[in-house]
Amino acid sequence: MNEKLFIKLRMFRYTLARSGFGVLAFRRAYVLTRFAHSAPKNEYRPIKKVMVANRGEIAIRVFRACTELGIRTVAVYSEQDTGQMHRQKADEAYLIGKGLPPVAAYLHIPDIIKVAKDNGVDAIHPGYGFLSERAEFAQACSDAGVMFVGPSPETVRKMGDKVEARSLAINAGVPVVPGTDAPISSLQEAQAFAQTYGFPIIFKAAYGGGGRGMRVVREYEELEENYQRAYSEALTAFGNGALFVEKFIEKPRHIEVQILGDKYGNVIHLYERDCSIQRRHQKVVEIAPAFQLDPHLRDRLHADAVNLARQVGYENAGTVEFLVDKHGKHYFIEVNSRLQVEHTVTEEITDVDLVHAQIHVCEGRSLPELGLKQDKIRVNGCAIQCRVTTEDPSRGFQPDTGRIEVFRSGEGMGIRLDSASAFQGAVISPHYDSLLVKVIASGKDLNTAASKMSRALAEFRVRGVKTNIPFLQNVLSNHQFLHSTVDTQFIDENQELFNLKPTQNRAQKLLHYLGHVMVNGPTTPIPVKAKPSSTDPVVPPVTMGDPPVGFRDVLLRDGPEGFAKAVRAHKGLLLMDTTFRDAHQSLLATRVRTHDLKMISPFVSHNFSNLFSLENWGGKLPGRHVTINSFCEVAKENGMDIFRVFDSLNYLPNMVLGMEAAGAAGGVVEAAISYTGDVSDPMRQKYSLEYYVKLADELVKAGTHILSIKDMAGLLKPEASKLLISALRDRFPDVPIHVHTHDTAGAGVAAMLACAEAGADVVDVAVDSMAGMTSQPSMGAMVACTKGTKLDTGIALEKVFDYSEYWEVARGLYAPFDCTATMKSGNADVYENEIPGGQYTNLHFQAHSMGLGNKFKEVKKAYAEANKLLGDLIKVTPSSKIVGDLAQFMVQNNLTRAEVEERADELSFPLSVVEFLQGYVGIPHGGFPEPFRSKVLKSLPRIDGRPGASLPPMDFKSLEEGLRATHGDDITPEDVMSAAMYPKVFQEFKEFTANFGPVDCLSTRLFLDGPKIAEEFEVELERGKILHIKALALGDLNKAGQREVFFELNGQLRSVLVKDTVAMKEMKFHPKAQKSIRGQVGAPMPGKVLEVKVKVGSKVEKGQPLCVLSAMKMETVVNSPMAGTIKAIHVTPDASLEGDDLILEIEE
């Protein structure tokens, strides 16, 4: 450097420093000065300020390059993009397209040029999409004296017009696919082309790319619809709907060559990219260089791309795209005269910054000056780009929109991220492309790069919107992808790619649940205004090691028969603990959670091994033979040992069916006789001692291992207990006898002691703090009363006290459901009304919740009268409910027993009563009450014999397939069985867990009442994975009827939006399609209605187009799911819809 120049530069540096310019600016000034002395004599215009006429990640990509070059940056944004990151990344940002639709704003050339002129912009970079390939935009820039970072307007025009580009390729000797010579202007021209060349054909937008306006047509019937859709998409995306049509090459590879030219005729290639992995003609994964590409073919592709570029005098960056058929022949398809989305992989393997090069070329620099000579460009390793989009692969890649609640990216060596909207709190709208972040992985070869990419994708956590990450992970692990070549049909032909591993999303779902409770209160109805206790129960110390041997070990060793013999031979009284089921069903409305049962289970296992058993499950099974057999098999596999089989009417055919199923599954069969009446009262002969002994005879003959008396209402008095059990013991000296009762009247302990004295082997109890009233007799009382006698239970009383203390505190957590909130004691009137314990509690709650608390006495009297109306039934679920329904019906309608009998032919009885009288439950002892039955049923059909015998077999295979289609492949045999028995409950359960995650990890107080503001707590998801959560704040109601709830999760701020159900009732929202209602058609994705193709009253066939939606510049036709008639239409053109919004209703 000569001395004068050196002095000038030193003075220039001093001036810059004094004026506040930084080091970047000085370096740039030095570079410009140096090259001013060495560049070829041609126009040179240094760029000081660049506007990017685009949005999102490409705008940020260019801004970063400009900052590195010391160039000031300008962003433009639409009204819908005020919160977008690209606006914040620029030095200046200006609104464009005020009042225009979202996409139109970025297509409004006058606004963009005005902003550039008003703010001293030297050059405009168009990015990709929008105006990047519009010649009139490049010309407008030139006319305004603003440089266009791209080819000349003429070149953009030639290359952007795919028909002219095709002609230029032919002139350059580059092979092309047969197609039209000019854009077509009518459907008739497309039809003529198809008749000449045959199907398949493809429509392509003449003035844009990226898959917009591109439609493959395989049959003549699809031609018109696809032409209209392609034209509409092209018009929306590029402002011009012109199309051209060409022959569609089946299963080609899509290979594109990156080119770079300058103003001096220099053109080089930067090797190729394989973009074959596509869906809907949009690239999903790109690779550079192309894997296993024939070297000679690679050379021809490079040469053809460079020759074509030279022929048109191409300058700046561009891409020449080819299709390569299965024979290795290549065909030119188009030139993209802009930067590509996937330019990143080329940068990674060549170490050439394409945006830097674009800007320098625009300034007037030559490629040799930039060190970009063909012989200097080398490929180093391999790079893969994955486009992470907010799309749902399981629903045909439908775009998803909403707020990103959680965002955590994958990073590390060999990973590059280009993004804009990828941050917590970002709102993904339906107005623009669904691209969230571009992930680029580089390594020494394809497998290394793929391994890094897989690792990075696994680290991502995106919550709030669906993404295609699970799909991308499947692609990256696919054997064909890793070891062979792929073509554009790769996704369509590998349906296993759609076997998506569901994301757990446990933490965010739990926050949603907690937020829901904080905003709307408990998810389960609270019968009384009582708060859960703030004290959590403490589990007593548990001995290390395995629990002691118990009766289950006998069962596993000797089988059901040996187990029964061991029970009968046992000295002393055995107890069954109902705390885990019937006790909390009776006292706490069956609201006790598995969470609290699991907490105390180890203590019980170690300290109560000499119990007969623990009651764990109870319920009514449907009468299908196959269903009962399958249930018993699944229950046995899950640890159920003893099956207490009963029927609410003691209907023998039903009981035998259950006994056979339990025995076939390998379980202990305990046939239970449901007890009612009073065998000690000679005036009550319907259910006499003879009746019970005779029924027991039949059950023993049927093969029961254990004989049980099930006293659901607690009607067994000590004397009756002695009579009944003595008679059974005398009759069946070798069969174990097991007695179950309730303590509603307070005489339960006395009755069970009497049973034990009379020869019962097992009686049911509940731990003290969960005993009494409508529950079972007290365990502690039975242990204490038999201690030191021949009936000694062998249970340590102090362990009972520890066990009871746990449940005393735990019970406080369920204060809103505790029967003592409305019922302060048991009542001996149960001997008159015969209401079962659990039902007694429920009826008491219902009476208070309906404001009839002072009339509960009347309800109980009505129950007794209803029982007589129905013929004096044995009252066990479901027969007890039938009696209860009739009783409430009588109280609500102020009817006496006589009035009901008299008006039976005109009253509208509860459905349960009608179905009972039809025979759906079975045949009661003594038959149905007449003439009451005939008057109620009139001409309704009646069932003779066992009700379930007429039911068709359950098709479990079909049921499982349906469940998998609805809920995914993670369906277990237990799920199938649950859905078979309780379809509605199972559906609600799956929906609940899908929305709220593993709520069983939450403490009961948090589950029921939610956290208090500023409360800190921990949640253990699994061993070694603990969430630290703090509730921070509850936001105000927004326009969508939501409140934002703020948390701190593991030290990071998290928030969730929760719908305020009370506020929502007062606000108007578009109705949602109900999946359970056939004929309701919902929006498959958020978007705008472009066209409604039917009218109310129109006849439609299955698969017929109903309407057209547009989202993220992609149009989707909503087809009819069934044949029928349009009943109602709930949308109009231009209406904006959310996912699942109701579009229309069809009736068959």
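Reader: In which loop does P878 lie?

Author: P878 lies in the loop between α32 (856–869) and α33 (879–892). Helices (H or I, at least four residues) and strands (E, at least two) are DSSP runs, numbered from the N terminus. The model is predicted, with local features needing pLDDT of at least 70 and side-chain atom pairs counting only at pLDDT 80 or more, while totals for chains, interfaces and linings use all residues. Residues are numbered from 1 along each chain as its sequence is written, and side-chain values use heavy atoms, with hydrogens and water left out.

Reader: What makes the peptide bond from T877 to P878 cis?

Author: Its omega is near 10°. The peptide bond from A288 to P289 is also cis, with omega near -10°. P289 is found in the loop between β11 (282–288) and α12 (295–311). Such bonds are noted because most peptide bonds are trans.

Reader: What is noted about the phi of N316?

Author: N316 has a positive phi of about 80° although it is not a glycine. Most residues other than glycine have a negative phi. N316 lies in strand β12 (residues 316–324). D1140 likewise is not a glycine and has a positive phi, of about 75°; D1140 sits in the loop between β40 (1136–1137) and β41 (1142–1147).

Reader: Why is N316 called buried, and why is D1140 called partly exposed?

Author: Buried means under 20% relative accessible area, exposed over 50%, and partly exposed in between (1.4 Å probe, protein chains only). N316 has 1% relative accessibility, so it counts as buried. D1140 has 29%, so it counts as partly exposed. Of the 1148 residues of the protein, 56% count as buried.

Reader: Why does P1084 count as buried?

Author: The relative accessible area of P1084 is 18%, so P1084 is buried. P1084 is placed in the loop between β34 (1080–1082) and β35 (1087–1092). Leaving aside residues up to four places away in sequence, P1084 touches R395, Q398, L1109 and V1118; contact means heavy atoms within 4.5 Å.

Reader: How do you know that E347 forms a salt bridge with R61?

Author: A salt bridge is a side-chain nitrogen of Lys or Arg within 4 Å of a carboxyl oxygen of Asp or Glu. In the pair E347 and R61, the closest N and O atoms are 2.6 Å apart. E347 belongs to helix α13 (residues 343–350) and R61 to helix α3 (residues 56–68), and the pair links distant parts of the chain, 286 residues apart. E347 is buried because its relative accessibility is 6%, and R61 is buried because its relative accessible area is 9%.

Reader: What makes D1009 and K531 a salt bridge, and why is the pair said to tie together parts of the chain?

Author: The closest N and O atoms of D1009 and K531 are 3.1 Å apart. D1009 lies in helix α40 (residues 1004–1009) and K531 in the loop between α19 (506–520) and α20 (551–569), so the pair ties together parts that are 478 residues apart in sequence. D1009, at 22% relative accessible area, is partly exposed, whereas K531, at 60%, counts as exposed.

Reader: Which residues are linked in a network of salt bridges?

Author: The network links E256, R273, K283, E286, E321, E342 and R387. Within it, the side chains of E256 and R273 meet at 2.7 Å, N to O. The structure holds 63 salt bridges.
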